[in-house]
Amino acid sequence: MSAKDVIARRVAQEIKPGMLVNLGIGLPSMVANYIPHDHGVFFQAENGVIGLGARPPEGMEDPHLTDAGGGFVTAVPGAASIDSAMSFGIIRGGHLDMTVLGGLQVDERGYLANWMVPGKMVPGMGGAMDLVAGAKRVVVAMVHSAKGEAKIVPECTLPLTAMRRVSLIVTELAVIEPTHEGLLLRERGPDVRVEDILAQTSARLIVEDDVPEMRIG
């Protein structure tokens, strides 16, 4: 199982029946593949869709049905198409139960940086800032490190997405909860030791006596 599959499966466990959830571009969009069809969950995209389903089979793509990143999706029974004003009204009005976003960095305060890398072309800020500020829960789904560099750091060096602490960080190595006291290590990945997590994390982690292994079955 790939690192991204481990992350998506674990994040899916945070989504409860009846929730309205926004999935970000890339890895977060994989979470929809691991939600049961009868779960009663509605996924929302900033471009104006409520009721996104999983990616369609090869050859069954509809060019008029995409997520905010332009990826092909399906629609579940009861899905609705809305305009951008209503879509962002839902986000900014605090009506989203959860958003799942990718991350470039998260720091010891639980602050997220995920919208730009200085010096690289940025097509636009998208909806990440609104989502972090407006959703009831913010879950960051990202690989633990990239090109040998830690992504969970003492303080973000990239521009912050919002000045709000995220609710949970899920990587292939760990589940980490930002708290007032710092980053609390809640779970470790399959066959991962606490020492492995600490070695790939430059931020300080709070480690309690026994850290259970995440269940992704």
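Biologist: In this predicted model, what covers the buried residues of α1?

Modeller: Start with the helix, residues 3-12, where Val6, Ile7, Ala8, Arg10, Val11 and Ala12 are buried. The cover over those residues includes β5 (98-101), β8, β12 (168-170), β13 and β14.

Biologist: OK, and in what order do the 10 strands of the open sheet run?

Modeller: The pairing in this sheet is mixed. β4 (75-81) and β15 (205-206) stand at the edges with a single partner strand each, so one side of each has no neighbour in the sheet. Reading across, the order is β4-β3-β2-β1-β5-β8-β12-β13-β14-β15.

Biologist: Let's zoom in on β5. Which residue there is the bridge partner of Val21?

Modeller: Strand β1 (residues 20-23) and β5 pair in the parallel sense, over three bridges. Within β5, Met98 and Val100 point one way while Thr99 and Leu101 point the other way, and all are buried. The bridge partner of Val21 is Met98.

Biologist: What about β2 and β3: which residue is the bridge partner of Ala45?

Modeller: Here the strands run antiparallel, with two bridges joining β2 (residues 42-45) to β3 (residues 49-52). In β3, the partner of Ala45 is Val49.

Biologist: On to packing. Which element gives the largest share of the largest nonpolar core?

Modeller: This core has 31 residues, and those with the most contacts inside it are Ile169 and Ile176. The elements giving two or more residues are α2 (84-92), α3 (128-134), β8 (138-141), β13 (174-179), β14 (182-188) and α4 (194-199). The largest share is three residues, and it comes from α2.

Biologist: How many residues are in the second, separate core?

Modeller: Members of this core include Ala12, Val31, Phe43 and Met98. Two of these names have come up already: Ala12 is one of the buried residues of α1, and Met98 is buried in β5. The residue count of the second core is 28.

Biologist: Back to Ile169. Which residues does Ile169 contact, leaving aside neighbours within four places in sequence?

Modeller: Ile169 has the most contacts inside the largest core together with Ile176. In general, nonpolar side chains in soluble globular proteins tend to be buried together. The contacts of Ile169 are Val106, Val140, Met142, Ile152, Ala174, Val175, Ile176, Pro178 and Leu183.

Biologist: Now a polar one. Which side chain makes a polar contact of 2.8 Å with that of Thr171?

Modeller: Thr171 sits in the loop between β12 and β13 and counts as buried, at 0% relative accessibility. Not counting residues up to four places away in sequence, Thr171 touches Ile7, Met142, Val143, His144, Ile152 and Met214. The side chain that makes the polar contact belongs to His144.

Biologist: Is Glu14 buried or exposed?

Modeller: Glu14 lies in the loop between α1 and β1. Leaving aside neighbours within four places in sequence, Glu14 is in contact with Met19, Met98, Arg137 and Leu168. The relative accessible area of Glu14 is 15%, which is under the 20% cut-off, so Glu14 is buried.

Notes. Residues numbered from 1 in each chain as written. Predicted model: local features only at pLDDT ≥ 70, side-chain atom pairs only at ≥ 80, totals over all residues. Heavy atoms only, no water. Core = buried A, V, L, I, M, F, W, Y, C linked by side-chain atoms within 4.5 Å. Buried < 20%, exposed > 50% of the residue type's maximum accessible area, 1.4 Å probe, protein only. Helix = DSSP H or I, 4+ residues; strand = E, 2+ residues; numbered from the N terminus. Contact = heavy atoms within 4.5 Å. Pairing = 2+ DSSP bridges. Polar contact = N/O pair within 3.5 Å; in protein donor to acceptor, adjacent residues only side chain to side chain.
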